[in-house]
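My entries follow the display.

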Amino acid sequence: LVQPDTITPVTTAKPHILQPNMTTPPSAFAPTMRAARCTDYTPNNDYDAVLSVVDDQHTPNLQTDKPPAGFTHPMLVRVLSVSLAPGDARVMSGKTRELQGPPSLPYTPGGDVCGVVVAVPDEENGKKCRFMVGDRIAARFMNKPMGMLAEYALVNTDVCDVVPPNISSDQAAALVSSGTVAVILADAINEGDRVLILGAGGGVGSHLCQLVRLRGASYVVGVGRDTERLKQKPLCCDDAVDYTQSNPFDTKEWKEDPFDVVFDLGSGGWPALLNQSSRKSSIVKPSSKGGKFLTLTPDTPLFEAHSIWKILKIFLFPALWRAIYTRVGFSRSYLPKYSYKMALPSSSDVVTRTLALAAEEKLVPVIDCSGPFPFTTEGVRDAFRLQSSYHAKGKVVIKVADV
């Protein structure tokens with residue numbers, strides 16, 4: 001767990017192989033690099049069989065190579081830190097390979113990164129790239145989470161920003177995706193709201209607990225396995241529930257004084273709410289009285305989808321129907337307004353907001369205490385094991401290099 005007093009200034013250093021006025025790597029640029037490589041899909045999370053760090057991977061070239069995730073507007077960075085997310089483990093499982101899989105195997109995993117810019121694109125339509133060689137930036141994944149867990153990577157310039165000097169590279173990587181999601185979710189909070197967060201101890205939840213308080217929530221309850229951690233700094237929940245010991249949806253106290261907002265970050269919260277709620281009592285206010293239920297996940301955290309139709313059945317159709325019947329008709333009188341937050345915006349605005357909050361020490365980046373993991377075969381495998389366990393306490397981060 002990262003405490004506020006561990007945020008120390010980090011000097012943005014320029015890589016010695018480039019000069020500030022260079023826009024492409026010189027001819028002496030190393031043709032190969034170290035990179036994590038996944039040789040096959042592993043539905044059973046057997047990372048020992050498919051995942052390793054190699055020394056002879058081709059170094060990306062900004063002028064000739066295309067990003068494996070298929071995005072436009074790339075620039076080349078020297079990678080410092082990479083954070084993992086559920087999507088990284090899902091891609092490697094192969095359970096959504098037709099939709100999220102890499103162009104070919106083997107591939108380099110990892111989607112959220114902090115690094116130093118070493119090459120920027122040429123001027124396009126009279127517009128120069130807003131980043132400069134030597135900038136230390138944080139970039140989230142675009143389209144698919146892949147290509148970042150290496151010494152060098154191509155990142156999308158549309159979804160990144162310069163890292164303030166008092167945020168470490170590990171912290172920036174932790175914030176750039178999960179922290180930004182938490183910022184967007186927290187915008188749903190009004191002054192004085194009572195808030196319940198399911199999955200409060202994970203990558204998004206550890207930051208959302210802080211942000212709802214910043215937005216003026218009057219009472220915050222976190223649901224997770226480590227209840228003492230949820231009540232300590234920097235999460236500072238007023239109360240915490242271990243879901244393995246008690247059912248938060250059947251708490252008499254909260255039915256008598258229901259929540260204004262429920263965030264489901266762990267999946268399965270909506271069916272559980274329906275099972276325990278009645279038209280006379282529920283732990284969350286109905287839509288007609290401003291009650292909200294927001295989620296990032298389908299009803300099960302582990303799913304398999306090999307076609308667009310399957311994805312629509314898992315994500316779109318249930319979310320659309322729930323959004324409709326909780327906003328119109330009789331259901332508004334006893335169910336909260338359901339919202340599914342499906343995607344991050346394809347711009348850097350929320351990244352900028354998130355990094356600014358951390359720079360002002362209003363948001364503390366939270367990294368699982370097992371890490372940062374070393375950029376070795378065993379270190380990368382251990383990081384993926386922790387991520388796929390769904391029990392990380394904060395973000396899972398891999399340190400690739402120092403500044």
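For these entries, a residue is buried under 20% relative accessible area, exposed over 50%, and partly exposed in between. The model I consulted is predicted.

Entry on K255 and D250. I found K255 at a relative accessible area of 23%, so K255 is partly exposed. Its partner in a salt bridge is D250, with a distance of 3.4 Å from N to O. I looked up D250 as well: its relative accessibility is 45%, and therefore D250 also falls in the partly exposed class.

Entry on D55 and R34. I noted a salt bridge between these two side chains, again with an N to O value of 3.4 Å. The pair links distant parts of the chain, as D55 sits in strand β2 (residues 51-58) and R34 in strand β1 (residues 32-38), 21 residues apart. D55 is exposed, at 55% relative accessible area, whereas R34 is partly exposed, at 26%.

Entry on R213 and D238. I recorded 2.7 Å between the closest N and O atoms of this salt bridge. R213 belongs to helix α5 (residues 205-214) and D238 to the loop between α6 (227-231) and β10 (239-241), so the bridge ties together parts 25 residues apart in sequence. R213 is partly exposed at 30% relative accessibility, and D238 is partly exposed at 38%.

Entry on the wider set. I looked up the total and noted 18 salt bridges in the structure. I also found a network of salt bridges that links D48, E378, R381, D382 and R385.

Terms used: Residues numbered from 1 in each chain as written. Predicted model: local features only at pLDDT ≥ 70, side-chain atom pairs only at ≥ 80, totals over all residues. Heavy atoms only, no water. Salt bridge = Lys/Arg side-chain N within 4 Å of Asp/Glu carboxyl O. Helix = DSSP H or I, 4+ residues; strand = E, 2+ residues; numbered from the N terminus. Buried < 20%, exposed > 50% of the residue type's maximum accessible area, 1.4 Å probe, protein only.
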